[in-house]
Structure formats: structure tokens, C-alpha cells
Amino acid sequence: SSQPTEVKPSMDIAVHQKNLQEAFDAMIICLGLEWDENGGQLLENSTHFKATVESAFVYKTGMDFPNDYGSVKIDEYARFSSWYFPFSKETVRTALEKSYGYNSDTDTVYMADGLGNVCSAQIVSVQQVDTDMTLKVTYKYGIQDIYDKENDTYDFSEYKTFEMIVRCISDGYLFESNTLIQ
């Protein structure tokens with residue numbers, strides 16, 4: 001599949017922040033891990049990776065993730081992950097061939113199974129890095145359970161702060177890297 005083309009700036013930062021927060025909410029399971037184009041922790045923890053790709057597919061299409069009684073071709077994970085992440089087909093293949101339930105006869109793996117999640121992500125800031133609309137997104141990821149009765153909001157009792165590099169593309173965002181900063 002061809003990579004989406006980059007787009008020039010067309011929205012202000014507040015609009016990006018809102019749109020990115022929606023994407024974060026849909027793909028929350030991956031946000032507490034570090035990665036870059038080589039995969040890193042996201043591919044080392046293939047269960048989280050598979051859950052992220054499955055959630056990203058549902059978020060983008062509104063349909064159930066395609067599978068055959070819970071089995072999915074590795075190439076399908078590679079194809080769908082390319083919608084949001086910079087991982088090569090070979091990187092995805094190497095990680096998933098080592099994962100639980102890999103079947104070399106059918107070149108399939110089992111879908112992620114019941115990953116409960118009590119974590120949240122909250123974008124702290126978004127800034128434009130260059131004219132090609134690369135964004136640096138700083139966000140908190142963790143357990144959001146301190147209730148502020150006066151404002152009817154929750155804050156984080158435990159969290160890590162990450163910085164993500166995001167490239168704006170014609171049909172959304174490509175999440176290029178995620179780095180723990182504190």
C-alpha cells in the first residue's frame with residue numbers, strides 16, 4: 001500500500017488537539033509504551049500492539065476487525081498498522097512471528113484477548129514543529145482517578161508524561177514516535 005501524502009497546515013492547534021484526543025481515546029492501550037519506526041516496546045509487547053491495531057481499525061472504519069474465528073494474517077496487522085504507525089512490514093512480521101499463538105502453516109496470530117484498561121491519556125500541549133505539519137504532542141498517560149467535585153473533572157493520581165511526534169497526513173495522523181520524558 002502506498003504511504004499517505006503529507007499535507008500543509010490547514011487547521012489551528014486547538015483543532016488538532018481535539019482530533020488527536022479522539023484518536024488517543026480510541027487507541028489508548030499503546031500510549032504507555034515507547035516506540036519509533038523500529039517498533040520498540042509496542043512491538044516487544046505484541047499483545048498491546050495487536051490491540052492497538054484492532055482499535056485503530058475500528059476507530060477508522062467503524063467496523064469489527066476482520067478475522068477468521070479470532071485468527072488474523074500477519075500481513076493484515078502490518079497493513080492496518082501502516083494507517084497510523086511507521087512500522088515496516090518486516091518489523092511487524094518479526095514481532096508477530098515470535099508472539100503467542102503464531103501458526104506458521106497459516107501465517108496467522110490470535111487477536112488480542114480481553115485487555116482491560118483503566119488508563120487515560122490527556123493531551124497537555126500540541127505544537128507545530130515544521131512547515132510540513134509535524135506536531136510535538138506532550139501528554140499524560142496513566143490512572144485518572146482524583147475527582148474534583150467543584151469542576152466535575154478527574155485528574156491523574158499516577159501518570160507518566162510522554163512526547164509523541166505526529167505527522168499530519170491527508171486523511172489524519174501518522175504517529176511517528178513516542179518517548180517517555182518523565
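**Helix 4 and its surroundings**

1. Helix 3 passes helix 4 in a left-handed crossing (near helix turned anticlockwise from the far one by less than a right angle; clockwise is right-handed). Helices (H or I, at least four residues) and strands (E, at least two) are DSSP runs, numbered from the N terminus. Bear in mind that this is a predicted model, where local features need pLDDT of at least 70 and side-chain atom pairs 80 or more, while totals for chains, interfaces and linings use all residues. Residues are numbered from 1 along each chain, and side-chain values use heavy atoms, without hydrogens or water.

2. Now the geometry of that first pair. Helix 3 covers residues 46-61 and helix 4 covers residues 74-81; they pack at about 60°, with their axes 9 Å apart (axes are fitted to C-alpha atoms over the stretch in contact, and angles between N-to-C directions run from 0 to 180 degrees). The two helices are therefore oblique to each other (under 35 degrees is roughly parallel, over 145 roughly antiparallel, 65 to 115 roughly perpendicular, the rest oblique).

3. Who touches whom here? On the helix 3 side you'll find Phe49, Lys50, Val53, Glu54 and Phe57, and they meet Tyr77, Phe80 and Ser81 of helix 4 (contact is heavy atoms within 4.5 Å).

4. Over to the other partner, helix 5. Helix 4 and helix 5 pack at about 135°, with their axes 9 Å apart. That makes this pair oblique as well, and the crossing of helix 4 and helix 5 is right-handed. From helix 4, Ile74, Asp75, Tyr77, Ala78 and Ser81 take part, facing Lys89, Val92, Arg93, Leu96 and Glu97 of helix 5.

5. Which residues of helix 4 are buried? They are Ile74, Tyr77, Ala78, Phe80 and Ser81 (buried is under 20% relative accessible area, exposed over 50%, partly exposed in between, with a 1.4 Å probe and protein chains only). Besides helix 3 and helix 5 (89-97), these buried residues pack against strand 1 (71-73) and strand 2. Have a look at Tyr77 in particular: it is in the contact with helix 3 and in the one with helix 5. Ser81 also turns up in the helix 3 contact and the helix 5 contact.

6. Threonine 108 is worth a click. It lies in strand 2 (residues 108-110) and is buried, at 10% relative accessible area. Leaving out residues up to four places away in sequence, threonine 108 touches Ser71, Val72, Lys73, Ile74, Gly101, Tyr102 and Asn103. Ile74 in that list is one of the buried residues of helix 4.

7. Two backbone spots I'd check by eye. Tyrosine 69 is not a glycine, yet has a positive phi of about 55°; the residue lies in the loop between helix 3 and strand 1. Aspartate 107, likewise not a glycine, has a positive phi of about 55° and lies in the loop between helix 5 and strand 2. Buried or exposed? Tyrosine 69 is exposed at 82%, whereas aspartate 107 counts as buried at 18%.

8. Finally, another threonine. Threonine 134, in strand 4 (residues 134-148), is buried with a relative accessible area of 11%. Not counting residues up to four places away in sequence, threonine 134 touches Gln127, Gln128, Val129, Ile165, Val166 and Arg167. Ile165 and Val166 are also among the contacts of phenylalanine 175, which include Trp35, Tyr84 and Phe85 too.
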